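Please read them with the structure open.

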Amino acid sequence: MSERQAPARTRFSLVTRLSALVGTLLVLAMLAALGLDALFPGRPLLVAGLCLLGLLPVAIITLRAQVQPILSLFRALEGTVDSYRDGDFSFSLHWPHNDELSDLIAAHNRLGAVLREQRLGLAQRELLLDSMVQNTPVAMLLVADTVGHAGVIVYANVAARQLLAHGRKLEGHALRAVLDEAAPALREALARGGDGLFSAGEGENEEVYHLARSTFNLNGRRHELLLLRQLTAELRRQEVQTWKKVIRVISHELNNSLAPLASLAHSGAELVRRGQVERLPQILSTIGERTRHLESFILGYACFAKLPTPRLEACPWSELVARLAGQVDFSVEGELPPDPAWVDAAQLEQALLNLLKNAHESGSRPDRVQLQVRRVQDQLRIDVLDRGSGMSEAVLTQALVPFYSTKRSGTGLGLALAREIAEAHGGRILLANRDGGGLAVTLFLPGLPAASPT
């Protein structure tokens, strides 16, 4: 029997049962009519009335016996649908007959099985997600604005409970009441709004945290998710690694400078002892050159460590470019802005000088090193362009980190100092490889009007 023929046969069985019931009642009615007609000849109305009176109870009982299971089945279906609506998919139904209703019950049971499997999968995923959230070291708080109560905590993981309530449950408490017992730095960080770092504690007990927050609507209600991540251990590890790198760089540079100086001083002393002073000027000149190089090296570190707050003054672009041109070769791409820039001229000159020297050291031809200055909406955009070898993706991600350098004798401070100067001015710096080869270093600075800043 094919699946396409099966439904037709099951439907036929139900029709057969109903037809047999009607046929049986008709046969009984005919037999009763014949028997009564013999008893009451010539009285058809009386015969018909007696037939109906005798067959009506039989018909009612027979129809009730046939319809009652169907009504019970419909009530069972109503109950299972209500259970599905309440999220209970554990019920299934049984129908003993092979008819259309059995097809309906089979489809109903298959639907329940699918819903049970989906509910089980969702429960397992929810359990996995809850385990991950509860055991993550990041403190998580979900805060909702309810009617009449702003900032009620609706979810808090284990890390949040340990951080803010010594392990106690936080759900149902007002965020403001919980923060009253927390560190003042956390309250200030939340009051500032947005993401950021803050420190709690003092001295050896100081802890650094990163606060991230986001808002969304859930079930038509505004919610805010707060994430607090402790960064103390990671920052200390990075700090140690940075100091190790600084010490290695300084040690390397000092050794490269002091060893020749000691050798030259010894040679000079030996020549003086022998009375051979002809080579003394050359030795002293070399000592002076190495000393100036070492002084420049130390000065670079000092400038990076003690960068003062910028003193903003009107600086004409023509004067700034002229001072740069006296120290390094480059060409100006396009026209310079007619309005002066409100910057710390000495700091910006140092930043651009570092970038232009880097461009020359990239392998670019000197005539392909360019400086371009434009006003883009309310910002100044300064591009230093070259046609050198560019940077790999790995170097691009690290190039702005202090003391990172791919040069054997590099200090890793040129780009880092330019970044510090740009950010001190309220701007930023970007690095990108150029189409056709080379690197573009872009400074974005606030484009203040050509009037005294307030």
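**Arg-161 and the points that follow**

1. Arg-161 counts as buried, at 19% relative accessibility. The cut-off matters here, because buried means under 20% relative accessible area. Keep in mind that this is a predicted model.

2. What does Arg-161 form a salt bridge with? The partner is Glu-171, and the closest N and O atoms are 3.3 Å apart. Arg-161 sits in helix α4, while Glu-171 is in the loop between α4 and α5, so the pair ties together parts 10 residues apart in sequence. Glu-171 counts as partly exposed, at 25% relative accessibility.

3. His-166 belongs to that loop too, between α4 (158–165) and α5 (175–180). Its phi is near 55°, a positive value in a residue other than glycine. His-166 is exposed, with a relative accessible area of 72%.

4. A second salt bridge to look at joins the side chains of Arg-213 and Glu-224, at 2.9 Å from N to O. Arg-213 lies in strand β4 (residues 207–218) and Glu-224 in strand β5 (residues 221–230), so this pair ties together parts 11 residues apart in sequence. Glu-224 is buried, with a relative accessible area of 13%.

5. The two strands that carry this pair, β4 and β5, run antiparallel and are joined by 10 bridges. Leu-218 has Arg-221 of β5 as its bridge partner. The hairpin has 2 residues between the strands, and Asn-219 takes a positive phi near 55° there.

6. Glu-423 pairs with Arg-419, with the closest N and O atoms 3.1 Å apart. Both residues lie in α12, 4 residues apart, about one turn of the helix. An α-helix has 3.6 residues a turn, so residues three or four places apart point the same way. Glu-423 is partly exposed, with a relative accessible area of 41%. Arg-419 is partly exposed as well, at 30%. Elsewhere, salt bridges that share partners join Glu-270, Arg-273 and Arg-274 into one network. The whole structure has 10 salt bridges.

7. Now the sheet. How many strands form it, and in what order? There are 5 strands in an open sheet, ordered β7-β9-β10-β12-β11, with mixed pairing. β7 and β11 stand at the edges, each with a single partner strand, so one side of each has no neighbour in the sheet.

8. Leu-430 stands opposite Thr-442 in β12. The helix of point 6 returns here: α12 lies across β11 and β12, running at about 135° to β11.

9. The largest nonpolar core has 34 residues. Among those with the most contacts inside it are Trp-317, Phe-330, Leu-348 and Ile-382. Elements giving two or more residues to this core include α9 (317–325), α10 (345–361), α12 (414–424), β9 (370–376), β10 (379–385), β11 (428–433) and β12 (439–446). Which element gives the most? It is α10, with 7 residues.

10. Leaving aside neighbours within four places in sequence, Ile-382 is in contact with residues including Trp-317, Leu-348, Leu-352, Val-373, Val-441 and Leu-443. Apart from this core lies another, of 24 residues, among them Ala-139, Ile-153, Ala-182 and Tyr-209.

11. Last, α9. Which of its residues are buried? They are Trp-317, Leu-320, Val-321 and Leu-324. Seen down the axis of α9, these buried residues fall within an arc of 95°, so they line one face of the helix. They pack against β6 (313–315), β7 (331–332), β8, α10, β9 and β10.

Methods: Residues are numbered from 1 along each chain as its sequence is written. This is a predicted model: local features need pLDDT of at least 70, side-chain atom pairs count only at pLDDT 80 or more; totals for chains, interfaces and linings use all residues. Side-chain values use heavy atoms; hydrogens and water are left out. A nonpolar core is a set of buried Ala, Val, Leu, Ile, Met, Phe, Trp, Tyr and Cys residues joined through side-chain atoms within 4.5 Å. Buried means under 20% relative accessible area, exposed over 50%, partly exposed in between (1.4 Å probe, protein chains only). Contact means heavy atoms within 4.5 Å. The arc is that of the directions from the helix axis to the C-beta atoms. Two strands pair if DSSP finds at least two bridges between them. Axes are lines fitted to C-alpha atoms, for helices over the stretch in contact, and angles run from 0 to 180 degrees between N-to-C directions. A salt bridge is a side-chain nitrogen of Lys or Arg within 4 Å of a carboxyl oxygen of Asp or Glu.
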